[in-house]
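Student: I would like a close look at one part of this structure: the places where chains meet, and the elements around them. Please take me through it slowly, in one connected account.

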There are 4 protein chains.
Amino acid sequence: MAGNTFGKKFRLTTFGESHGVAIGGVVDGCPSGVSLNFEAIQYELDRRRPGQSAIVTQRKEADKVEFLSGVFEGKTTGTPIGFVVQNTNQKSGDYEHLKDVYRPSHADYTYDKKYGFRDYRGGGRSSARETISRVVGGAIAKQLMPEVKINAFVSSVGEIFIDKPYQALDFSLTETNDVRCPDLVTAQKMEEYIRQIRKEGDTIGGTITCVIQNLPSGLGDPVFDKLHAELGKAMLSINAVKGFEYGSGFCGAKMRGSEHNDLFNPDGSTKSNLSGGIQGGISNGMDIYFRVAFKPVATIMQTQQTIDKDGNLLEMQGKGRHDPCVVPRAVPIVEAMAALVLADFIV
Amino acid sequence: MAGNTFGKKFRLTTFGESHGVAIGGVVDGCPSGVSLNFEAIQYELDRRRPGQSAIVTQRKEADKVEFLSGVFEGKTTGTPIGFVVQNTNQKSGDYEHLKDVYRPSHADYTYDKKYGFRDYRGGGRSSARETISRVVGGAIAKQLMPEVKINAFVSSVGEIFIDKPYQALDFSLTETNDVRCPDLVTAQKMEEYIRQIRKEGDTIGGTITCVIQNLPSGLGDPVFDKLHAELGKAMLSINAVKGFEYGSGFCGAKMRGSEHNDLFNPDGSTKSNLSGGIQGGISNGMDIYFRVAFKPVATIMQTQQTIDKDGNLLEMQGKGRHDPCVVPRAVPIVEAMAALVLADFIV
Amino acid sequence: MAGNTFGKKFRLTTFGESHGVAIGGVVDGCPSGVSLNFEAIQYELDRRRPGQSAIVTQRKEADKVEFLSGVFEGKTTGTPIGFVVQNTNQKSGDYEHLKDVYRPSHADYTYDKKYGFRDYRGGGRSSARETISRVVGGAIAKQLMPEVKINAFVSSVGEIFIDKPYQALDFSLTETNDVRCPDLVTAQKMEEYIRQIRKEGDTIGGTITCVIQNLPSGLGDPVFDKLHAELGKAMLSINAVKGFEYGSGFCGAKMRGSEHNDLFNPDGSTKSNLSGGIQGGISNGMDIYFRVAFKPVATIMQTQQTIDKDGNLLEMQGKGRHDPCVVPRAVPIVEAMAALVLADFIV
Amino acid sequence: MAGNTFGKKFRLTTFGESHGVAIGGVVDGCPSGVSLNFEAIQYELDRRRPGQSAIVTQRKEADKVEFLSGVFEGKTTGTPIGFVVQNTNQKSGDYEHLKDVYRPSHADYTYDKKYGFRDYRGGGRSSARETISRVVGGAIAKQLMPEVKINAFVSSVGEIFIDKPYQALDFSLTETNDVRCPDLVTAQKMEEYIRQIRKEGDTIGGTITCVIQNLPSGLGDPVFDKLHAELGKAMLSINAVKGFEYGSGFCGAKMRGSEHNDLFNPDGSTKSNLSGGIQGGISNGMDIYFRVAFKPVATIMQTQQTIDKDGNLLEMQGKGRHDPCVVPRAVPIVEAMAALVLADFIV
């Protein structure tokens with residue numbers, strides 16, 4: 001079944017493999033008359049780009065987006081917005097040794113089981129390079145709702161985490177450090193830890209927290225398409241994500257109703273917000289916040305045992321230029337997916 | 001936007017409010033020629049039914065399902081299966097006092113914001129009674145894949161949790177106790193705790209773990225419709241759910257790649273299974289397991305301050321017959337939603 | 001693939017076989033706060049009902065619709081509207097002789113090829129009785145746009161046709177005769193012809209014209225989901241329909257651009273309207289009009305040769321109570337489907 | 001509502017304006033392992049290309065398709081196939097005079113009503129240049145079912161038509177003449193007529209007939225997504241189409257059941273085929289045939305009165321290089337859309 005479209009009304013359809021000609025997509029359902037800020041779109045891509053800092057993969061990909069349609073004289077026309085990002089720095093030779101090998105905890109084995117065949121170069125379609133299209137789509141979506149603030153940030157790396165509620169953070173600090181953690185003391189610990197992990201040829205997991213502010217109440221559909229169910233699906237669709245929780249999340253499962261209930265103020269706002277801004281699947285005007293868990297990157301620079309297509313055991317070692325920790329570069333992806341979910345309810 | 005249909009190929013569309021005439025639905029896309037076991041469907045409804053034990057709501061609803069179409073001489077015809085469950089025990093009078101009041105952490109406020117108007121009797125469409133249709137749909141879905149085993153169970157209530165991996169559990173014990181916890185010592189502690197919580201007029205959250213076994217590899221779509229993204233959306237769409245994790249989940253975010261990677265055996269199975277049976281969004285043939293967090297039920301038998309439609313503060317106390325803890329009755333719902341997700345990939 | 005849902009935003013999902021328990025459906029996406037006129041809905045069903053006049057089938061089915069959800073205190077709540085119509089007058093015995101026989105130009109053979117199995121009683125799901133759900137859904141859709149006028153009428157029966165443009169007709173006369181033809185002289189000829197056809201044990205085809213007035217401009221999507229493409233699909237999905245044309249239709253294929261172009265008036269209206277109210281797939285505010293061709297009913301009261309499942313030739317004769325001409329009863333169905341298409345663009 | 005995707009399982013999403021950077025699309029849901037014949041795809045584009053003969057528009061566009069993803073070592077990978085066709089010969093200056101003018105029977109007025117704004121160059125998104133993406137998508141679809149034969153041809157131009165049943169035609173002659181009419185005597189008359197029409201600065205309508213052979217029985221869904229309903233929508237979505245009929249079509253509306261019914265042969269085939277290969281919305285294994293009506297091209301080389309955005313009357317004359325008759329170039333488009341419909345039922 002075709003699974004490369006996200007959204008019902010504001011729809012992003014994507015294509016592209018990591019080592020093919022280009023990554024790209026189509027945004028369908030964008031309202032007409034929106035003056036697109038193309039620099040803001042490229043800025044989001046630059047936040048996702050490899051090689052942007054010392055703690056991410058050192059691949060040097062320009063990742064410049066080109067728009068092919070749907071925009072006339074700087075404004076959206078209401079017709080589909082096609083875009084492409086050329087793949088310019090593929091070193092396919094880096095991957096020739098993977099042709100018949102299944103890398104542990106990658107998608108090599110399952111793609112072969114599903115499709116009987118795969119583009120083995122750098123993960124092909126399963127590469128996180130696919131998220132380029134999400135970032136472009138999300139950056140367009142963001143521009144449909146300038147009043148809504150979507151701020152994601154790294155809230156933990158391994159065992160290191162921000163020990164403060166998000167309300168105590170200054171989101172303007174997120175982009176001031178390579179980890180994208182707005183708590184600068186924690187950010188520095190995380191950065192040092194990531195450097196250490198990389199030296200050891202290893203990788204490390206982490207979490208991203210995202211806060212959505214100024215969203216009006218009444219968004220979301222009851223029953224199957226609850227706002228948080230759509231956010232959850234969106235986040236879980238990002239490579240390497242293992243979990244999603246919003247509001248009180250898994251902690252809420254340990255609480256009593258008498259402590260968990262959010263009591264109302266006369267204006268309809270609530271004194272506490274363990275609901276996470278969503279009740280019955282519909283936004284209530286309070287902050288929406290959620291947390292996303294990312295596993296450690298599967299490609300490590302250590303020798304691992306694995307198998308080839310014929311079931312022969314062999315030893316392999318990671319090659320190429322990979323991230324020791326995925327969360328710094330995943331921050332704009334989380335924001336993009338959140339924006340896509342919201343746009344689908346807003347348009 | 002219409003949000004009452006789940007699935008693309010095996011589609012469940014539902015309708016019904018808690019105090020309307022009936023709850024029901026339509027299953028479209030069911031293959032023809034399946035000999036439906038109607039008792040097995042009713043059995044799942046009975047597992048969800050109020051009044052089934054001392055630790056759940058004492059409302060006495062029969063919840064008998066009637067099939068209206070799509071079945072001929074005991075077998076599915078390939079045409080849509082319509083079904084209804086009459087609402088027989090509604091005491092609407094119980095809810096008259098809620099007409100103009102917003103209950104804390106319920107969907108009253110957000111429904112009014114979205115629709116400008118709501119059926120205030122017992123939650124209306126936001127009532128968990130809506131899940132009846134999911135259980136029927138899921139019970140049909142289960143019968144399409146008799147070889148696949150879907151076992152959900154209560155893994156924690158409040159701070160009490162099963163301190164064993166699921167592999168050490170005997171799922172046949174789940175139905176032997178009112179909590180639906182297959183670890184009997186823990187089950188007893190949970191049951192006592194829930195009784196205590198109810199005596200205090202309070203409620204408590206919990207988690208459900210679900211294990212899917214014997215699923216073939218190759219199921220799931222890459223990119224947006226990853227198998228775990230669909231499972232996550234399905235679970236997050238259930239009332240009161242605050243979080244979802246699969247495989248290593250949030251723990252995986254603290255791990256290193258060298259410890260998280262699942263190394264292959266020559267036959268393609270993996271020595272460990274932190275991936276949770278899914279890689280790149282596609283099943284790999286190993287067990288799929290995930291955990292779902294439920295918040296405490298919002299209706300408590302204690303006095304709470306709240307507001308009415310006009311923003312007047314007032315005191316209210318829960319009336320009616322409610323669950324002190326939702327997870328025992330949510331077990332069949334989790335299984336049903338898992339079955340619906342799988343059926344959509346299988347048909 | 002599940003094919004029993006119509007619409008994207010205003011969605012009708014239907015179920016039911018002619019000789020099952022009930023016919024029904026779910027309308028999802030209906031806005032909240034609409035005061036539903038239930039008599040108007042039943043009125044449309046009565047227009048479709050068998051036994052309503054001497055020239056239609058004499059089956060006596062009450063076809064009373066019961067609403068199960070989505071309406072509270074007379075107004076829609078925004079949640080799905082479930083409804084059922086009990087099947088009360090099935091004489092299944094009438095159809096026992098058809099169990100293993102394929103009736104010519106019916107769906108018996110193709111259903112068996114697709115599903116390997118079928119409910120053979122009265123056509124099962126392929127029966128025109130399925131259109132009951134369409135009429136209910138369409139009658140709800142109509143009430144979302146009271147200013148829009150949708151008038152369908154019988155424009156031909158066999159070789160007898162209305163020899164006037166629709167602008168010369170008084171639509172209030174449509175319901176004054178059994179054929180539903182607003183040109184009374186022609187209506188009488190049609191009626192006599194249908195009586196004659198029935199006497200001969202035969203059936204006859206016909207066409208229905210539909211005119212949509214007061215529709216605002218700007219409705220419809222370009223490219224694949226053009227307004228007339230959706231109307232065409234809707235009409236072609238009705239049992240027995242063989243063709244659809246709008247505006248100049250097939251006649252337009254014989255014309256020159258210089259005679260076909262609709263020149264503008266200064267107010268944006270057009271002097272002629274060969275476009276049929278739609279340009280580039282989008283309504284332009286002029287009348288939309290289209291014509292739908294229905295084949296003769298396949299069940300005739302004459303002896304025909306046919307085959308059984310095993311390919312044995314045999315003779316059969318139509319039994320039961322069937323329409324000699326389908327178009328009088330199809331008028332409300334055409335209107336209903338038109339209303340469903342419009343509602344999907346309007347909500 | 002986003003309307004630029006066709007199909008549910010085999011999905012084509014398109015983008016591009018006539019005078020933007022490129023036309024393109026994404027095919028999602030294509031099975032893996034298909035060895036794509038790229039020359040066959042380009043061949044279909046060449047059949048659609050302007051400037052291919054003396055009786056079509058003399059714009060010289062190369063229309064070379066470039067594939068960006070979804071194909072590895074010549075075979076489809078199961079991942080989305082992105083493609084682009086650069087716009088190389090746009091003379092935007094030709095259209096500057098149209099900036100504020102509404103051309104009669106074009107989509108200028110309705111696009112402005114819907115979007116408040118439009119790319120006025122050459123029709124923008126409403127240009128038939130959009131069908132390039134359909135032809136590419138359809139050419140891929142064709143390759144999924146090599147045994148199925150889809151043959152479209154021009155069956156009438158103005159009042160000139162082929163006076164033979166399709167069974168008497170040799171489809172291999174269709175491509176031997178510029179009109180794409182397999183009856184060579186009629187083809188010559190058509191060609192002369194089109195030349196004459198062009199000399200007069202006028203345009204002319206026509207019809208295309210399409211025959212699908214070797215399609216297995218059992219394809220199509222009952223109720224809303226009948227095979228012929230999907231074919232009808234597909235055809236009506238092509239620019240300039242005003243009508244669709246299949247099998248007996250509008251003639252069937254004049255016939256009696258006793259002459260219209262297709263009697264069975266013992267092997268399940270039918271003696272006649274007025275059903276057009278589809279019964280109850282499902283293919284029966286006989287030939288499917290249908291006819292599509294195209295209106296005359298709206299741009300004529302004669303002076304016409306029209307209005308500008310402010311409602312001022314003015315005179316305009318067609319400029320640029322336009323087709324005097326659209327049907328010769330529409331033949332591959334009809335085939336492409338038919339292939340897309342079939343692929344969606346087959347994959």
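Predicted model: local features only at pLDDT ≥ 70, side-chain atom pairs only at ≥ 80, totals over all residues.

The same surface serves both copies, since 99% of the contact residues of chain A recur in chain B. In numbers, 89 residues of chain A are in contact with 88 residues of chain B. Sorted by class, the side of chain A that touches chain B has 31 nonpolar, 39 polar and 19 charged residues.

To find the spot on your screen, look for Glu245(A), which stands opposite Gly243(B) in strand 12 of chain B.

Now turn to chains C and D. Chain D can be laid on chain C with an RMSD of 0.0 Å, by a turn of 180° and a shift of 0.0 Å along the axis. Such a relation is that of a two-fold axis. Here, too, the same surface serves both copies: 99% of the contact residues of chain D recur in chain C. The contact involves 88 residues of chain D and 88 residues of chain C. On the chain D side, 31 of these residues are nonpolar, 38 are polar and 19 are charged. Strand 12 of chain C (residues 241-246) pairs with strand 12 of chain D (residues 241-246) in the antiparallel sense, over three bridges. In that pairing, Glu245(C) stands opposite Gly243(D) in strand 12 of chain D.

Let's stay with chain C and follow the boundary to a helix. Helix 2 of chain C (residues 108-115) is mostly covered, with six of its eight residues buried. Those residues are Asp108(C), Tyr109(C), Thr110(C), Tyr111(C), Lys114(C) and Tyr115(C). Which elements cover the buried residues of helix 2 of chain C? They include strand 8 of chain C, together with strand 13 and strand 14 (282-283) of chain D. Just after the helix, Gly116(C) takes a positive phi of about 75°.

Strand 8 (residues 101-102) pairs with strand 16 (residues 303-308) of chain C in the antiparallel sense, over two bridges. Tyr102(C) has Ile307(C) in strand 16 as its bridge partner. Strand 16 of chain C also pairs with strand 17 (residues 313-317) of chain C, antiparallel and over five bridges. There, Thr303(C) stands opposite Gln317(C) in strand 17. The hairpin of strand 16 and strand 17 of chain C has four residues between the strands, and Gly311(C) takes a positive phi near 85° in it.

Strand 13 is our way back into chain D. Gly268(D) lies in the loop between helix 7 (257-260) and strand 13 (278-279) of chain D. Is Gly268(D) buried or partly exposed? Gly268(D) is partly exposed, because 18 other C-beta atoms lie within 10 Å, whereas a residue needs 20 or more to count as buried. From C-alpha to C-alpha, Gly268(D) and Gln317(D) are 57 Å apart in space and 49 residues apart in sequence.

In chain A, the axes of helix 5 (residues 227-236) and helix 8 (residues 327-346) come within 9 Å and cross at roughly 145°. The crossing of helix 5 past helix 8 in chain A is right-handed. From helix 5 of chain A, the contact uses Leu227(A), Glu230(A), Leu231(A), Ala234(A) and Met235(A). They meet residues of helix 8 of chain A that include Val334(A), Met337(A), Leu340(A) and Phe345(A). By class, the residues of this contact are ten nonpolar, no polar and one charged.

Definitions and conventions
Residues numbered from 1 in each chain as written. Chains lettered and ligands numbered in written order. Buried ≥ 20, exposed ≤ 12 C-beta atoms within 10 Å, placed from the backbone. Least-squares fit on C-alpha atoms with pLDDT ≥ 70 in both. Contact = placed C-beta atoms within 7 Å. Axes fitted to C-alpha atoms, helices over the stretch in contact; angles between N-to-C directions. Left-handed = near helix turned anticlockwise from the far one by under 90°. Nonpolar A, V, L, I, M, F, W, Y, C, P; charged D, E, K, R; others polar. Pairing = 2+ DSSP bridges.
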